[in-house]
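Open the model in your viewer and keep the sequence panel beside it. Each stop below says what to select and what is there.

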Amino acid sequence: MSKPRFPLRRFYGESMQTFMHALILQRPRMDEILDAAEFTGRRVMGYKLPQWQRPEKWTTEQCINFIESIWLGANIGAFMVNQSMQEEFHDILLDGQQRLRAIERYLNDEFPVAGEDGKPHYWSEMTEGERAHFHRIPFPWILTRYNDEALLREAYNRHNFGGTPHEADERAPEGDYHHEQGTLP
């Protein structure tokens, strides 16, 4: 029997959806992280980052733009978490580090985000109602169940190195959108 003329599927994941509230609630307190003897590496929003994953890259401006996108209801992509019966591969964040780090930094009051009033506001300045609104915003994620580090590394590489960043002159020009009517000219 001949081999197929296409690559066989080896990446599996379940598309899931959570709300910001659940993501924020699962975030461990700093003392829990410091006491966690089983893992002493980097974390973001409580998820473990493998030693081979790149460091934080987004600028504060990129983080602010992402948080604005959340508030505005834009598509914010998804994050990917591996859950495994093997502790070393359990709760590893395979994709979404920059997005989750931006949320974590916002919640830690590391930068403000401008509201419709034109003024920048830190998370701690939000009212209970404003926070409740943020908590109800959905955030898609993908659940994987890999038990092999080589497959984890390959999945990480496949999901994170395929895109080509836009150059500044390739972005849609601002100012042509009529915000009040929600229409293009």
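## Stop 1: helix α4

Select residues 97-107, helix α4. Of its 11 residues, 11 are buried, so the helix is largely enclosed by the rest of the structure. Click along the helix: among the buried residues are Gln97, Arg99, Arg101, Glu104 and Arg105, along with Leu100, Ile103 and Leu107. Now step past the end of α4 to Asp109, whose phi is positive, near 60°.

Keep in mind that this is a predicted model.

## Stop 2: the whole chain

Zoom out. The protein has 6 helices and 8 strands. Trace them along the sequence and the pattern reads β-α-α-β-β-α-β-β-α-β-β-α-β-α. How much of the protein counts as buried? The figure is 31% of its 185 residues. Next, consider contacts between residues at least 6 apart in sequence: 70% of them join residues at least 24 apart.

## Stop 3: strand β4

Select residues 79-82, strand β4. In a regular strand, side chains alternate between the two faces of the sheet. Are the faces of β4 covered or open? Both are covered. Phe79 and Val81 are buried on one side, Met80 and Asn82 on the other.

- Strand β8, residues 138-144, runs parallel to β4 and is joined to it by 4 bridges. Look for Phe79 opposite Trp141.
- Strand β5, residues 92-95, runs antiparallel to β4, with 3 bridges between them. Here Val81 stands opposite Leu93.

## Stop 4: the aromatic rings

Show the side chains of Phe, Tyr and Trp. The count comes to 11 aromatic pairs. Start with Phe79 and Phe139, an edge-to-face pair at 4.9 Å centre to centre, with 75° between the planes. Phe79 is in strand β4 and Phe139 in strand β8, so this pair ties together parts 60 residues apart in sequence. Phe79 counts as buried at 1% relative accessibility, and Phe139 at 0%.

Move to Tyr106 and Trp123. They too form an edge-to-face pair, 5.6 Å centre to centre and 65° between the planes. Tyr106 belongs to helix α4, while Trp123 sits in the loop between β7 (120-121) and α5 (128-135), so the pair ties together parts 17 residues apart in sequence. Tyr106 is buried at 0% relative accessibility. Trp123 is buried as well, with a relative accessible area of 7%.

Finish by selecting Trp71, Tyr106, Phe111, Trp123 and Phe134: ring pairs link them into a cluster.

How values were computed: Residues numbered from 1 in each chain as written. Predicted model: local features only at pLDDT ≥ 70, side-chain atom pairs only at ≥ 80, totals over all residues. Heavy atoms only, no water. Buried < 20%, exposed > 50% of the residue type's maximum accessible area, 1.4 Å probe, protein only. Helix = DSSP H or I, 4+ residues; strand = E, 2+ residues; numbered from the N terminus. Pairing = 2+ DSSP bridges. Contact = heavy atoms within 4.5 Å. Phe/Tyr/Trp six-rings, centres within 6.5 Å; stacked < 30°, edge-to-face > 60°.
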